Amino acid sequence: MDIHEYQAKEILSNFGVAVPDGSLAYSPEQAAYRARELGGERWVVKAQVHAGGRGKAGGVKLCNSDIEIQDVSENLFGKKLVTHQTGPEGQGIYRVYVEACVPIERELYLGFVLDRTSQRVMIVASANGGMEIEEISANSPDSLVRATVEPAVGLRAFQCRQIAFKLGFEPGMVQQVVRTLQGCYRAFTELDATMVEVNPLVVTTDNRLIALDAKMTFDDNALFRHPQISELRDKSQEDPRESRAADRGLNYVGLTGNIGCIVNGAGLAMATMDTIKLAGGEPANFLDIGGGATPERVAKAFRLVLSDDNVQAILVNIFAGINRCDWVAEGVVQALKEVETDIPVVVRLAGTNVEAGQKILSQSGLPIIRAGTLNEAAERAVTAWRNDQSQATILRSTS
């Protein structure tokens, strides 16, 4: 789960990381009022969306008066911000963060991520901030400083000092670096984050170390331990299909294809998508209904996939171990009777109670296409989709 910049800064501030003074606004008038509350002569207005590259896309503006803040905010609210991370559809702007300017002497990059290879938290830092980490890696690879943290002892002060000296900090600022690094690490570990990124981390002209921008991502599976973090979720920034799936306890990732997938098990779901591609089709989603799929859960999955207007065929691929094929078949029949649809549905069942499941499908009276293997199921789904599209084209040409 992603959160907004202002939320990440509030969290990091609670762990001892210095951040600029700022305030949230939900309207242009409120943004101007927030600037007057903050005081000063210059402010930055930042669109709050779950995406990087806001500055290049026009989502971060420097303002010299409250009138200018109101005008800038007027142009941001309700618009779609399109960055290299959002795709062409963009992200809606419904709130802005007004922040007091700080005098910047130097910009750095700081990130905490999970390193799958070492199974440790890895710190990635660079003396070149203000750029995406991909740009830094490509353009200034020698500036990158990496360190892994031993989980049994945590991030020690000596490691922080080593990083500080490698980044070129003067001795008088090392203690601020230690406090910042340890604060970020504590936030990462204590809140079950999967990423903490401060970019840029700036040194001001009066030698203060401040997190000028911040991003945090959290492990969805650990949110039950942190209700205060779960409450920070902003559904307006999420794919509505994925948001509906999460609310129903389904593992779903929306894609851009047209063949919907309903599968049990993440590995089988990946294999199903690959096989659809090999057969000449494009998967519309990744959907893992899990190991204990009841008929009701299968029906929920069906309704979710059918809610995507791009879906023009559905492939159900179930290998039942913990699951039961008759439960899945009942769910498919239940969903197709409740939700009227004319798109082709291909079902492949294998495993526990497969004969009972096949019998339920055959006696349902519904136009369900059955398949015995995954390759056969993918080929039939792609063929059915193409035939359906050909018939639609003929109908349009004759009307």
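Me: How many cavities of 30 Å³ or more does the count come to?
Reply: The count comes to one cavity of 30 Å³ or more, where a cavity is a set of points, on a 1 Å grid over the protein atoms alone, at which a 1.4 Å probe fits but cannot get out. This is a predicted model, in which local features need pLDDT of at least 70 and side-chain atom pairs count only at pLDDT 80 or more, while totals for chains, interfaces and linings use all residues. Residues are numbered from 1 along each chain as its sequence is written, and side-chain values use heavy atoms, with hydrogens and water left out.

Me: What lines the largest cavity?
Reply: Its lining, meaning residues with an atom within 4 Å of a point, includes Leu 110, Phe 169 and Thr 180, and helix α6 (residues 174–190) gives the most, with three residues. The largest cavity holds about 50 Å³ of space.

Me: Why is His 4 called buried?
Reply: Buried means under 20% relative accessible area, with a 1.4 Å probe and protein chains only; His 4 has 0% relative accessibility and therefore counts as buried. His 4 is found in the segment before α1 (5–14), and its contacts (heavy atoms within 4.5 Å), not counting residues up to four places away in sequence, include Arg 95 and Asp 234.

Me: How do you know that the span of helix α11 agrees with its number of residues?
Reply: The expected span is 1.5 Å times one less than the number of residues, so the 14 residues of α11 (residues 325–338) should span 20 Å, and the end C-alpha atoms are 20 Å apart, which agrees.

Key:
Helix = DSSP H or I, 4+ residues; strand = E, 2+ residues; numbered from the N terminus. Buried < 20%, exposed > 50% of the residue type's maximum accessible area, 1.4 Å probe, protein only. 1 Å grid on protein atoms, 1.4 Å probe; cavity = no way out; pocket = protein on both sides within 12 Å on 5 of 7 lines; lining within 4 Å. Points joined across faces, edges and corners; volume = space filled by probe spheres on them.
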